[in-house]
Amino acid sequence: MSKTAVTIAGVELKNPVMTASGTFGSGEEYSALVDLNRLGAVVTKGVANEPWPGNPTPRIAEVYGGMLNAIGLQNPGFDLFSRRDIPFLKQFDTKIIVNVCGKSVSDYVDVVEKLSAQPVDLMEINISCPNVKEGGIAFGQDPKAVEAITREVKRHARQPVIMKLSPNVTDITEMARAAEAGGADALSLINTLTGMKIDIHKRTFALANRTGGLSGPAVKPIAVRMVYETAHAVSLPIIGMGGIMTADDAIEFLLAGATAVAVGTANFRNPDAAVEIANGIAAYMERYGTEDIRELIGAVG
C-alpha cells in the first residue's frame, strides 16, 4: 500500500484531504452521510469569541462555474462550540482544525487563548475578516497587518498556527512571506475571491451584501497558480484549496507544492466528496507506482 500520510507542523494526517472551513459545519452536520474517520482532518466553520448573526439574506447565489456566498461568518461563538462540537469530533479518528475569525486582534487572541486548553490539533486563522480598527480593510490585504496578527496569535497559541491567506491581493507571495516572518507554522490558500452577481430581471443585487466570495471550479486555476507561487516563496507547508471537485484537481495542488488539500464547495454537491477524493489520490498513487505521497508534493517545479 502506498503511504498517504502527511505532516503539517508536526501533526500527522492519515491522508492529505480535509474539509474546507465553512462548507462542512463542524462535522456533525455531515456525519450521517460521511465517515469522518476517513478524512485527514475536519476543519470547522469559523469560530469567534462571541456569537455572530451573519449577514442578511439572500446570502448565496449560484454562478457559472461555482457560487457566491456572503454568509458573514455566522457562528454560535466559542462557548457553545467548545461544549458541543469539540467533544463530538473527538469521537472520530481524524485531526481537528479549528478556524478562528475576529474583528480585531484582541478578538482573535481571545479565541486562541481559549483553544489552547482544548483538545484540538491545529488552528486556522481566517485573516480575510475586516479589521474594524483600520476602516474595514481585511487583515489579509496588508502585509504589515498579516505579520503583526500572526506574531500576536503565535504568542498566545499552544497548537500550531495555520494562516489562511486571501487571494484578493496584488501579490500573494508578499502576504505569505509576511505570515512566515510573523512565525506561522503553515499556510492555507486560497480563500474566496470577491465577486458580484446582479439579477437583471429584478434589477438588483443577487446578494443582500452586494458582494460575496466566489468559490467552486471557476477559481481553481487561480488557486493552483497562487499555491505554486507561494510554495516557491516560503518554506512553510501549504494546504491548497479552491475549486477542488475531484482527485485529479487535488493532485494538481499537490504537484504545485501543497502538502495537503481542503475540499469546500464540492461538499454541497456531494457530501462524500472529500472521502472520494482521498480514495482517488490513493488510486492514482497505485496506478503510477508512487510509494509515498511526499514524492508528489511540489514535483512540478
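# Exercises on a predicted chain

The chain folds into eight helices and 16 strands. Helices (H or I, at least four residues) and strands (E, at least two) are DSSP runs, numbered from the N terminus. This is a predicted model: local features need pLDDT of at least 70, side-chain atom pairs count only at pLDDT 80 or more, and totals for chains, interfaces and linings use all residues. Residues are numbered from 1 along each chain as its sequence is written, and side-chain values use heavy atoms, with hydrogens and water left out.

## Exercise 1: the whole chain

Solution. 
- Buried residues (under 20% relative accessible area, 1.4 Å probe, protein chains only) make up 54% of the 301 residues.

## Exercise 2: helix α6

Task: State which residues of α6 are buried, and what covers them.

Solution. 
- Locate the helix. α6 spans residues 247-256.
- Count. Eight of its 10 residues are buried.
- Name them. They are A247, D249, A250, I251, F253, L254, L255 and A256.
- Look at the cover. It includes α5 (220-231), β15 (238-241), β16 (260-263) and α8 (273-287).
- Check what follows. Just after α6, G257 has a positive phi of about 130°.

## Exercise 3: K220

Task: Decide whether K220 is buried or exposed (over 50% relative accessible area), and find the side chain that it joins.

Solution. 
- K220 has 13% relative accessibility, so it counts as buried.
- List its contacts (heavy atoms within 4.5 Å). Leaving aside neighbours within four places in sequence, K220 contacts G242, G243, D249, E252 and F253.
- Find the partner. A polar contact of 2.8 Å joins the side chains of K220 and D249. A polar contact is a pair of N or O atoms within 3.5 Å; within protein, one must be able to donate a hydrogen and the other to accept it, and residues adjacent in sequence count only if both atoms are side-chain atoms.
- Link back. D249 is one of the buried residues of α6.

## Exercise 4: T4

Task: Find which backbone oxygen the side chain of T4 reaches.

Solution. 
- Read the distance. The T4 side chain reaches the backbone oxygen of K14 at 2.9 Å.
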